[in-house]
Amino acid sequence: MTKLTCLILIFISLLNVNALIFDRWRVIKPQCRVWDKIAAEMKTAFGGKSCNALATSAIRLSFHDAGTHNQCGSDGSIMIFPVELENANNLQFAKITSFLRSIQNKYPTEGFADIIQFAGILATVLCPGGPKIKFVAGRADATEANDASLLPGLFDTSEKLLKDFDRMGFTPTDLVALLGAHSCGRGTDFIFLPFDQTENKIDSRFYAEVLDEDGPRPGTQRLPSDENVSKDPVTHGTWVKFSQRPLAFKAAYRVKKKKYL
Ligand code: HEM
């Protein structure tokens with residue numbers, strides 16, 4: 001039975017991540033149990049529900065593996081071809097890639113693309129406020145490197161970001177929803193500050209704080225790219241909606257993230 005048949009339905013309760021596991025697998029696809037073990041190891045490394053630095057880095061890595069594509073799709077190239085990690089956008093991934101490499105060494109039946117996306121999903125689900133997301137295994141790993149310079153940059157205009165995301169197969173609303181991932185993370189490069197006052201939590205407060213005309217709240221920073229998208233007439237309305245309606249944000253984030261899974 002191929003990995004493609006290994007459909008993994010993960011409706012993980014934050015309180016019961018081990019259920020991820022997927023009682024359903026055990027009945028239907030016993031050979032999928034390897035993901036049970038991988039999930040347990042990742043959950044420990046990600047600090048459970050604390051949404052630690054390794055977890056937020058896993059969420060970002062899952063985007064950077066997929067974001068070099070046209071019409072999206074993760075292929076593991078970011079961990080297979082060292083040249084991608086040398087790109088300025090990818091310099092902060094040493095710890096997470098080293099951890100995921102150790103997982104892949106231990107479970108060599110699974111490819112890098114699946115492991116990267118599984119880590120991104122598990123981290124999202126574990127982080128307080130994170131939506132439940134379905135994971136399906138079976139991606140093909142890359143045979144050549146992708147162009148990491150295609151990844152968006154923090155000083156990009158909203159016009160460029162909208163164009164980049166359109167190339168990846170995302171609508172303007174998708175772009176706004178996915179940027180909500182910044183609500184749980186922080187800068188780890190030159191400004192070591194979170195992007196909102198509720199770091200380590202995936203929530204819509206981030207959208208409200210970016211809209212604040214008084215600038216970033218104390219102890220936080222604001223990415224120019226986030227501010228640009230928040231002000232663009234094409235995306236401003238969605239940005240405001242997500243700042244006021246947490247459930248709308250959560251639902252949109254879940255649906256849109258699936259696109260690059
Ligand atoms: C408009 C496109 C985007 C730009 C320009 C951008 C840029 C950045 C930058 C500059 C950082 C700080 C990096 C550091 O200092 O370590 C960051 C962090 C982060 N980004 Fe993005 N990003 C974008 C889209 C996304 C998307 C679509 C996701 C996921 C769905 C994402 C997830 C994250 C996460 C989770 C962090 C925090 C990482 C950590 O805490 O280690 N970003 N992003």
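**Helix packing in a predicted model**

Visitor: At roughly what angle do the axes of helix 8 (residues 158–167) and helix 9 cross?

Guide: The axes of helix 8 and helix 9 come within 9 Å, where axes are lines fitted to C-alpha atoms, for helices over the stretch in contact, and angles run from 0 to 180 degrees between N-to-C directions. Helices here are DSSP runs (H or I, at least four residues) numbered from the N terminus. This is a predicted model, in which local features need pLDDT of at least 70, side-chain atom pairs count only at pLDDT 80 or more, and totals for chains, interfaces and linings use all residues; residues are numbered from 1 along each chain as its sequence is written. The crossing of helix 8 and helix 9 is at roughly 100 degrees.

Visitor: Are helix 8 and helix 9 roughly parallel or roughly perpendicular to each other?

Guide: Angles under 35 degrees count as roughly parallel, over 145 as roughly antiparallel, 65 to 115 as roughly perpendicular and the rest as oblique. Helix 8 and helix 9 are therefore roughly perpendicular.

Visitor: Which residues of helix 6 are buried?

Guide: Helix 6 (residues 94–106) has 13 residues, and a residue is buried if 20 or more other C-beta atoms, placed from the backbone, lie within 10 Å of its own, exposed if 12 or fewer, and partly exposed in between. Ala94, Ser98, Ser102, Asn105 and Lys106 of helix 6 are exposed. The buried residues of helix 6 are Ile96, Leu100, Ile103 and Gln104.

Visitor: Within what arc do the buried residues of helix 6 fall, seen down its axis?

Guide: An α-helix has 3.6 residues a turn, so residues three or four places apart point the same way. The arc is that of the directions from the helix axis to the C-beta atoms. The buried residues of helix 6 line one face of the helix, because they fall within an arc of 95 degrees.

Visitor: In which crossing, left-handed or right-handed, does helix 3 pass helix 7?

Guide: Helix 3 and helix 7 pack at an angle of about 135 degrees, with their axes 8 Å apart, which makes helix 3 oblique to helix 7. A crossing is left-handed if the near helix is turned anticlockwise from the far one by less than a right angle, and right-handed if clockwise. The crossing in which helix 3 passes helix 7 is left-handed.

Visitor: How many C-beta neighbours does Gly187 have inside 10 Å?

Guide: Gly187 is found in the loop between helix 9 (172–179) and helix 10 (205–211). Gly187 counts as partly exposed, because its C-beta neighbours inside 10 Å number 16.

Terms used
Helix = DSSP H or I, 4+ residues; strand = E, 2+ residues; numbered from the N terminus. Expected span 1.5 Å × (residues − 1).
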